[in-house]
Amino acid sequence: MRRVRCTSPAGPLFLEHVPVPEPGPGELLVRCEAVGVTLPVVRKVTEAAAPVPLGGEVAGEVVAAGDGVTGFRAGDRVTGLCFGHAYADSAVLRQEMASPVPDGAGAVDAVALVRSGLVALGTLSAAHPRPGESALVTAAASGVGQLAVRLARTRGAARVVGAVSDPAKADFVRSLGADDVVVYDDDWGEPVDYVLDGVGGDLLTPAVAALAPGGRLVAYSSGGGTVRAYDLLVGARTVTGFQMARIARERPELYERWRRELWRLFADGVLRPAVHGVFGLADAARAHEAVVSRRNLGKVVLVP
């Protein structure tokens with residue numbers, strides 16, 4: 001089978017031919033129909049001190065199941081997060097990270113909706129939104145951000161603001177249902193009740209400043225950053241970190257409930273993820289460039 005690899009830190013991506021892997025205990029072998037490209041994986045490639053496997057969301061058909069697998073069998077269509085080599089014709093997926101794909105949903109829809117949607121829904125839930133409040137979503141045109149904008153509205157936000165890196169993204173973000181769009185370097189307008197931050201780094205300071213007194217910020221990015229305690233004390237603001245892997249590991253029942261909610265909203269036509277572009281495995285470098293350049297409007301997907 002074909003697989004994309006990076007053999008040196010920040011080095012080029014290239015296709016290689018390797019044997020099809022075998023699933024171990026508790027694992028599924030999935031024939032990949034779509035693979036989601038995520039910013040954390042792109043950052044690992046560009047910043048890691050040593051080469052790393054290219055992981056990501058995968059969707060496709062179960063080919064084989066390892067010992068101890070329950071609830072899945074060959075022929076099932078699934079999606080989930082692969083921590084190993086995901087950029088490939090076939091990938092190995094841990095059973096606990098796999099979710100069934102319902103009839104009528106395509107593989108590209110699955111990788112654009114489930115993992116990004118779980119992060120968006122989980123981040124929003126961590127903000128404890130109340131009907132009638134105002135929300136601000138950074139990286140609003142990203143795979144997670146676009147879904148967070150839509151979900152904030154479904155959770156009763158009276159005003160939703162999308163924050164983006166480029167004014168060229170404004171029309172796209174408004175089409176998602178945002179009332180206003182702001183650019184990072186400009187004034188962010190009226191304070192909001194909660195912020196969902198997918199950028200981090202230097203953007204944390206203005207994101208905290210965008211909170212009204214008593215406001216809440218939920219950070220879910222891999223960008224790091226520092227928040228001054230005084231900036232929280234002066235307005236009785238709070239900052240919470242959110243990590244999807246912890247929910248999947250420690251609260252599987254909540255993970256499953258959120259997954260069902262996402263597919264219900266998809267079936268009802270309320271939640272439709274936008275896809276920026278679909279690339280072949282040989283074009284993985286172009287897919288990474290689209291993400292790291294922040295030009296993408298929605299999810300970036302590889303199709304083997």
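Mentor: Please do, and keep in mind that this is a predicted model.

Trainee: Which residues have the most contacts inside the largest nonpolar core?

Mentor: The largest nonpolar core comprises 87 residues. Helix H2, residues 107–126, supplies the largest share of this core, with ten residues. Apart from it there is a second, separate core of 17 residues, with Ala163, Tyr184, Val192 and Leu211 among them. Inside the largest core, the residues with the most contacts are Tyr87 and Leu302.

Trainee: Which residues does Tyr87 touch, leaving aside those up to four places away in sequence?

Mentor: Contact here requires heavy atoms within 4.5 Å. On that basis the partners of Tyr87 include Arg2, Arg3 and Val4, as well as Leu281, Ala284 and His288.

Trainee: What radius of gyration does the chain have, and how does it stand against that of a compact globule?

Mentor: The C-alpha atoms fill a box of roughly 55 × 40 × 35 Å along the principal axes. A compact globule of 304 residues would have a radius of gyration near 19 Å, and the chain agrees with this, at 19 Å.

Trainee: What share of the contacts with a separation of 6 or more joins residues 24 or more positions apart?

Mentor: The chain contains nine helices and 15 strands. Of its 304 residues, 54% count as buried. Among contacts with a separation of 6 or more, the share from residues 24 or more positions apart is 63%.

Trainee: Is Asp109 buried, partly exposed or exposed?

Mentor: Asp109 belongs to helix H2 and, beyond its sequence neighbours up to four places away, touches Phe266 and Pro273. Because its relative accessibility is 27%, Asp109 counts as partly exposed.

Trainee: In which loop does His128 lie, and what is its phi?

Mentor: His128 is in the loop between H2 and strand S8 (134–137). At 57% relative accessibility, His128 counts as exposed. Its phi is positive although the residue is not glycine, with a value near 50°.

Trainee: What is the phi of Ala236?

Mentor: Ala236 lies in the loop between helix H6 (229–233) and strand S13 (238–241). With 54% relative accessibility, Ala236 counts as exposed. Ala236 is a residue other than glycine with a positive phi, near 50°.

Trainee: How far apart are the centres of the positive and negative side chains?

Mentor: The chain exposes about 13,100 Å², of which carbon and sulfur atoms supply 52%. It has 32 positive and 33 negative side chains. The centres of these two sets are separated by 2 Å.

Terms used
Residues are numbered from 1 along each chain as its sequence is written. This is a predicted model: local features need pLDDT of at least 70, side-chain atom pairs count only at pLDDT 80 or more; totals for chains, interfaces and linings use all residues. Side-chain values use heavy atoms; hydrogens and water are left out. A nonpolar core is a set of buried Ala, Val, Leu, Ile, Met, Phe, Trp, Tyr and Cys residues joined through side-chain atoms within 4.5 Å. Buried means under 20% relative accessible area, exposed over 50%, partly exposed in between (1.4 Å probe, protein chains only). Helices (H or I, at least four residues) and strands (E, at least two) are DSSP runs, numbered from the N terminus. The radius of gyration is taken over C-alpha atoms; the globule rule is 2.2 Å times the number of residues to the power 0.38. Accessible areas come from the Shrake-Rupley method with a 1.4 Å probe; for residues, only the protein chains shown count as cover. Lys and Arg count as positive and Asp and Glu as negative; His and the chain ends are not counted. The place of a charge is taken as NZ of Lys, CZ of Arg, CG of Asp or CD of Glu.
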